[in-house]
Amino acid sequence: MAITYSLEGRVALVTGASKGVGRGVALGLARAGCDVVVNYHSDRAGAEETAAAVRAMGRRAMEVGANVGERAEVEAMFGAMRAWTPRLDIVVNNAGIQTWKPLLELEEKDWDRVLATNLKGCFLCTQRGAAWMKETGWGRIVNIGSGCNKLAFPRLVDYTASKGGIEMFTKVAAVELGQYGITVNCVAPGAVEIERTRAEAGDYGATWASVTPAGRVGQPEDIANAVVFLAAEASSFITGQTIWVDGGLFCKPVWPYRDGE
């Protein structure tokens, strides 16, 4: 059987696709041949821009608003998708939020909100998506993780807990769903330059490029490339894995010596 990265004729759902990494992934899947369901929560205008870009490539697109942390809204979203497409092949669980507070100052409502969106949303969309994929005996689920999968990030305790949970959820889902022809993997980005991260530092790109072995920060297209690979036939024997798309950032230890010394 020929190995191909073409996703011609496939249908994908990308959550949180109104901007940033989610938009980059939606466009990457469209370039590979997918029709795309563009999920958003509050940024409808951004979702419409993403969908318009997908259609400009000659692919079908549907925008659907839903808070992925709420079961009723996820049910309604999948109902709308069923009316739009007879099949679902790929789910990319990208929707995510974070708070920036020390552990001792974090409020319960912040914890609940982040865990609901990031981790519960991943569970709900995986559960509904996999049930649909089971009908056809083929599917790809890709969960977007973080460097928080591996390392403790201060002031991001709720976000870190959610991303660590996603990594273990990915493994369990892969074990249970493999019998239905469904693979489940996690893509863990390093420092990626998007709207949100640019606000973290005066020069986000230079700040993180200086500590990234590849010498640059990532772009949404870098994450999209990994997702497309994991959605393609070429990755059919890869499941339950976390793929680090970080330019080597999170394999680099704290190292007190200078190069050459």
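In α1 (20-31), the residues G20, V21, G24, V25, G28 and L29 meet P220, I223, A224, V227, V228 and A231 of α8, where contact means heavy atoms within 4.5 Å. By class, this contact of α1 with α8 holds nine nonpolar, three polar and no charged residues; here Ala, Val, Leu, Ile, Met, Phe, Trp, Tyr, Cys and Pro count as nonpolar, Asp, Glu, Lys and Arg as charged, and the others, Gly among them, as polar. The model is predicted, with local features needing pLDDT of at least 70 and side-chain atom pairs counting only at pLDDT 80 or more, while totals for chains, interfaces and linings use all residues. Residues are numbered from 1 along each chain as its sequence is written, and side-chain values use heavy atoms, with hydrogens and water left out.

The axes of α1 and helix α8 (residues 220-231) come within 8 Å and cross at roughly 50°. Axes are lines fitted to C-alpha atoms, for helices over the stretch in contact, and angles run from 0 to 180 degrees between N-to-C directions. Helices (H or I, at least four residues) and strands (E, at least two) are DSSP runs, numbered from the N terminus. α1 and α8 are therefore oblique to each other, given that angles under 35 degrees count as roughly parallel, over 145 as roughly antiparallel, 65 to 115 as roughly perpendicular and the rest as oblique. Their crossing is right-handed, a label used if the near helix is turned clockwise from the far one by less than a right angle, with anticlockwise giving left-handed.

Two further helix pairs involve α4. For helix α3 (residues 71-84) and α4, the axes come within 10 Å and cross at roughly 30°, and α3 and α4 are therefore roughly parallel to each other. The crossing of α3 and α4 is right-handed. On the α3 side the contact is made by R71, V74, E75, M77, F78, M81 and R82, and on the α4 side by F123, L124, C125, Q127, R128, G129, W132 and E135. This contact has eight nonpolar, two polar and five charged residues.

With α5, α4 packs at an angle of about 15°, the axes being 9 Å apart, and that makes α4 roughly parallel to α5. The crossing of α4 and α5 is right-handed. Among the contact residues are W111, L115, F123 and A130 of α4, together with Y159, I166, F169 and L177 of α5. The classes here are 13 nonpolar, four polar and two charged residues.

Next comes the empty space. Rolling a probe the size of a water molecule over the atoms shows where empty space is left. On a 1 Å grid over the protein atoms alone, a cavity is a set of points where a 1.4 Å probe fits but cannot get out, and a pocket is an open set with protein on both sides within 12 Å along at least five of seven lines; lining residues have an atom within 4 Å of a point. Grid points are joined across faces, edges and corners, and a volume is the space filled by probe spheres set on the points.

The largest pocket has a volume of about 1200 Å³. Its lining comprises 45 residues, of which G96, Q98, Y159, I194 and R196 lie nearest the centre. Elements giving two or more residues to this lining are α1, β2 (35-40), α5 (157-177), α6 (195-198) and α7 (204-209). The lining divides into 22 nonpolar, 17 polar and six charged residues.

The second largest pocket has a volume of about 230 Å³. F123, T126, Q127, A130, A131, K134, F169, V172, A173, E176, L177 and Y180 line this pocket, and α4 (108-136) and α5 each give two or more residues to the lining. The largest share, six residues, comes from α4. By class, the lining has eight nonpolar, two polar and two charged residues.

A search of the whole structure finds one cavity of 30 Å³ or more. About 40 Å³ of space lies in the largest cavity, which is lined by T15, V68, N93, N94, A95, T117, N118, G121, C122 and C125. Here too α4 gives the largest share of the lining, five residues. The lining of the largest cavity divides into four nonpolar, six polar and no charged residues.
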